[in-house]
Amino acid sequence: MITEVYIGNLKSKKFDYDKIGEDPEGTYPEIIGKSTYDSELFWDIMKEDKKQSDWGCWVWKLNKTDLIAFLNRDKYKDSLSAKHLLDIAFGLNDKKEYLLVAFEDIISPP
């Protein structure tokens, strides 16, 4: 089983955060920035106030400031995945919200 974390958009052609649960087959957000395999980040997201969008996909809505604060925790100071996602987060729009996605599957999302 692969556990990954990535930053995703709230809405795209195939995904709408506000409509989670309307499609019985589920969906997952469009990827803005993807990490490598990361179990610690995955399980930490699972402890947060998240929504399940597919059988193996959970999304947590955050603004840029909160996303950076989460990824910048001391516990992730040696995490290459968190550092990579943090670099991406610094370049995001200050006025938008994003999704921190915990994805579990036998393959990575496309």
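**Exercise 1. Determine how many aromatic pairs the predicted model contains, and classify the pair of Tyr28 and Phe103.**

Solution. Rings of Phe, Tyr and Trp (its six-membered ring) pair if their centres lie within 6.5 Å; planes under 30 degrees apart count as stacked, over 60 as edge-to-face and the rest as tilted. By this rule there are 5 aromatic pairs. For Tyr28 and Phe103, the ring centres are 5.4 Å apart and the planes stand at 70 degrees, so the pair is edge-to-face. Tyr28 belongs to the loop between E1 and strand E2 (31-37), and Phe103 to strand E5; the pair therefore ties together parts that are 75 residues apart in sequence. Helices (H or I, at least four residues) and strands (E, at least two) are DSSP runs, numbered from the N terminus.

The model is predicted: local features need pLDDT of at least 70, side-chain atom pairs count only at pLDDT 80 or more, and totals for chains, interfaces and linings use all residues. Residues are numbered from 1 along each chain as its sequence is written, and side-chain values use heavy atoms, with hydrogens and water left out.

**Exercise 2. State whether Tyr28 and Phe103 are buried, partly exposed or exposed.**

Solution. Buried means under 20% relative accessible area, exposed over 50%, and partly exposed in between (1.4 Å probe, protein chains only). Tyr28, at 30% relative accessibility, counts as partly exposed. Phe103, at 3%, counts as buried.

**Exercise 3. List the buried residues of helix H1 and the elements against which they pack.**

Solution. In H1 (residues 39-46), the buried residues are Leu41, Phe42, Asp44, Ile45 and Met46. They pack, with contact meaning heavy atoms within 4.5 Å, against strands E1 (2-8), E4 (57-63) and E5 (97-105) and helices H2 (64-71) and H3 (80-90).

**Exercise 4. Identify the residues through which H2 meets H3, and give their classes.**

Solution. From H2, Lys64, Leu67, Ile68 and Leu71 meet Ala82, Leu85, Leu86, Ala89 and Phe90 of H3. By class, this contact has 8 nonpolar, no polar and 1 charged residues (Ala, Val, Leu, Ile, Met, Phe, Trp, Tyr, Cys and Pro count as nonpolar, Asp, Glu, Lys and Arg as charged, and the others, Gly among them, as polar).
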